[in-house]
Amino acid sequence: MPLQSLDIAARSATTTPPPGIRKTLEVAKLIDVTKCIGCKACQVACMQWNDIRDEVGENHGTYDNPRDLTAKSWTVMRYSEVESQERGLEWLIRKDGCMHCEDPGCLKACPSPGAIIKYANGIVDMQQENCIGCGYCITGCPFNVPRISEKDNKAYKCTLCSDRVAVGLEPACVKVCPTGCISFGSKEDMKDIAEERVVELKERGYGNAGLYDPQGVGGTHVMYVLHHADKPELYNNLPPDPAISPMVSLWKGVTKPLATLGLAAVAIGSLFHYVTKGPNEVSKETEKEVEKELEEEGKQ
Amino acid sequence: MKRDPNDLQRYTASERANHWVVGISFILIALSGLALFHPAFWPLSMLFGGGVWTRIIHPFLGVLMVVSFAAMAVRFWKLNVMTPTDWEWLKRAKEMVNGDDHNMPIMGKYNGGQKMLFWALVVCMALLFVSGILIWRAYFSGFFPVGVVRLGAVVHAAVAAVMIALIFVHVYAAIWVKGTIRAMWYGTVTRPWAKQHHRAWYKEMTGK
Ligand code: SF4
Ligand code: SF4
């Protein structure tokens with residue numbers, strides 16, 4: 001890669017190592033949910049920068065619009081109304097989208113070489129020209145993020161504006177957020193910012209405030225500051241402890257080499273059986289017996 | 001191998017045609033499935049016009065295979081009911097594999113090994129069909145919870161590998177036992193072949 005910012009760390013369905021002599025800075029986007037006012041500026045910026053316009057939907061009686069992530073809506077605000085004894089009604093708004101996992105289940109599941117890549121900076125990106133539309137990435141993702149387009153049968157999701165980041169810009173959503181709820185930079189810096197913010201929130205009575213950077217997927221390159229980090233599921237079912245499903249690991253882990261070796265063993269075993277034991281031919285005696293039978297028949 | 005008026009008819013034309021449809025669809029589905037299974041087999045996708053075509057064609061071939069196999073199973077299941085002699089045969093299969101079939105129990109149209117293969121294929125086909133529906137993203141996956149789809153993916157891959165291995169054995173056995181493959185091509189076998197390998201069936205056919 002001529003651009004160091006586009007160095008690749010992992011590539012779907014590829015068994016050999018990617019070029020890896022350079023050490024690139026790991027980036028992250030930090031979404032401070034506690035500062036979000038739900039204005040959807042980020043959603044609009046995402047549409048504009050990426051040049052995608054979703055179909056106009058219907059009102060479902062909530063502010064969620066569109067209602068779910070789609071191939072043309074890579075980020076969606078999720079509005080959860082939560083009632084509790086201590087705090088009464090709370091409005092928890094979470095910007096949903098790809099988490100850019102350090103250990104991405106989508107990439108692990110993808111059968112098409114190079115359809116999903118992870119840049120050395122941590123961004124997980126789909127390369128639609130290599131995508132075959134099988135949807136295994138959906139099966140592999142612990143966050144239910146990728147969507148297949150009905151128009152072209154390719155998988156799409158948030159790119160973390162890999163094109164902008166590659167040339168030193170921040171993602172479009174970060175640029176546009178009016179409350180400064182989204183920050184972007186090195187993962188280390190983002191953790192520091194989060195830490196400070198968490199201290200602040202704790203002082204303000206959110207005893208369980210914390211950073212969401214789930215280790216089950218090796219950490220993520222999109223992190224949240226949550227007021228209730230002990231209960232991420234309050235935020236429209238953000239998984240408390242996401243990890244690549246054991247089923248996916250089994251499918252894409254041992255099954256592949258085991259089955260391949262097993263099939264090779266059966267094929268080679270058959271060949272050597274033939275070579276060592278020889279073919280199973282009809283014996284001379286049986287042939288003679290049958291000849292005799294036929295002769296007798298003829299005589300009768 | 002010349003045709004001989006004394007040859008015995010083992011398969012009718014429509015049985016053979018049915019078997020070939022299953023066989024051809026199996027070969028295509030195995031090649032396209034392997035391409036999607038392990039990167040080592042990815043180049044096989046080129047046989048189908050690239051990855052996208054492989055993904056599109058594979059499940060339809062699967063339906064063809066399952067349907068044509070079902071037709072075959074309906075024709076043959078009665079002949080494949082296991083008997084005590086079959087179990088006895090299986091116990092001694094090792095001798096057979098070692099090339100010594102002198103003491104093998106007398107077999108009808110199919111031996112214990114062939115019957116087991118038949119039933120194993122029935123199970124594999126059923127599992128592949130159900131799991132295949134679960135992971136057929138274009139039409140069906142959306143109707144099932146992701147946990148079920150994941151299970152489907154594992155089952156599909158594992159069972160497919162088992163089935164490919166079974167078919168390897170099936171094909172090899174046909175190559176190994178000389179005079180067998182012609183039954184698949186034009187339906188007949190020689191009398192000595194029948195007498196040696198399926199004596200009870202030979203008796204049934206010839207009265208000897
Ligand atoms: S959130 Fe899902 S789509 Fe995004 S990187 Fe992780 S596994 Fe892939
Ligand atoms: S749909 Fe595309 S990106 Fe997703 S797993 Fe299949 S080939 Fe990979």
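The shell around ligand 2 consists, by class, of 11 nonpolar, three polar and no charged residues, where Ala, Val, Leu, Ile, Met, Phe, Trp, Tyr, Cys and Pro count as nonpolar, Asp, Glu, Lys and Arg as charged, and the others, Gly among them, as polar. Of the 14 residues around ligand 2, those that come nearest are A:Cys110, A:Cys131, A:Cys134, A:Gly135 and A:Cys137, a residue being near if one of its heavy atoms lies within 4 Å.

This is a predicted model, in which local features need pLDDT of at least 70 and side-chain atom pairs count only at pLDDT 80 or more, while totals for chains, interfaces and linings use all residues. Residues are numbered from 1 along each chain as its sequence is written, chains are lettered from A and ligands numbered from 1 in the order in which they are written, and side-chain values use heavy atoms, with hydrogens and water left out.

The interface of chain B and chain A can be summarised as follows.

| Item | Value |
|---|---|
| Residues of chain B in contact with chain A (heavy atoms within 4.5 Å) | 44 residues |
| Residues of chain A in contact with chain B | 50 residues |
| Area buried between chain B and chain A (accessible area, 1.4 Å probe, lost on being put together, summed over both) | about 4,100 Å² |

Carbon and sulfur atoms give 65% of that buried area. In chain B, the residues that lose the most area to chain A are B:Arg137, B:Arg150 and B:Tyr172, together 16% of what that side buries.

Three salt bridges are found across this interface, each a side-chain nitrogen of Lys or Arg within 4 Å of a carboxyl oxygen of Asp or Glu. B:Lys208 forms a salt bridge with A:Glu297, with the closest N and O atoms 2.5 Å apart.

Key. Buried area = accessible area lost by both parts, 1.4 Å probe.
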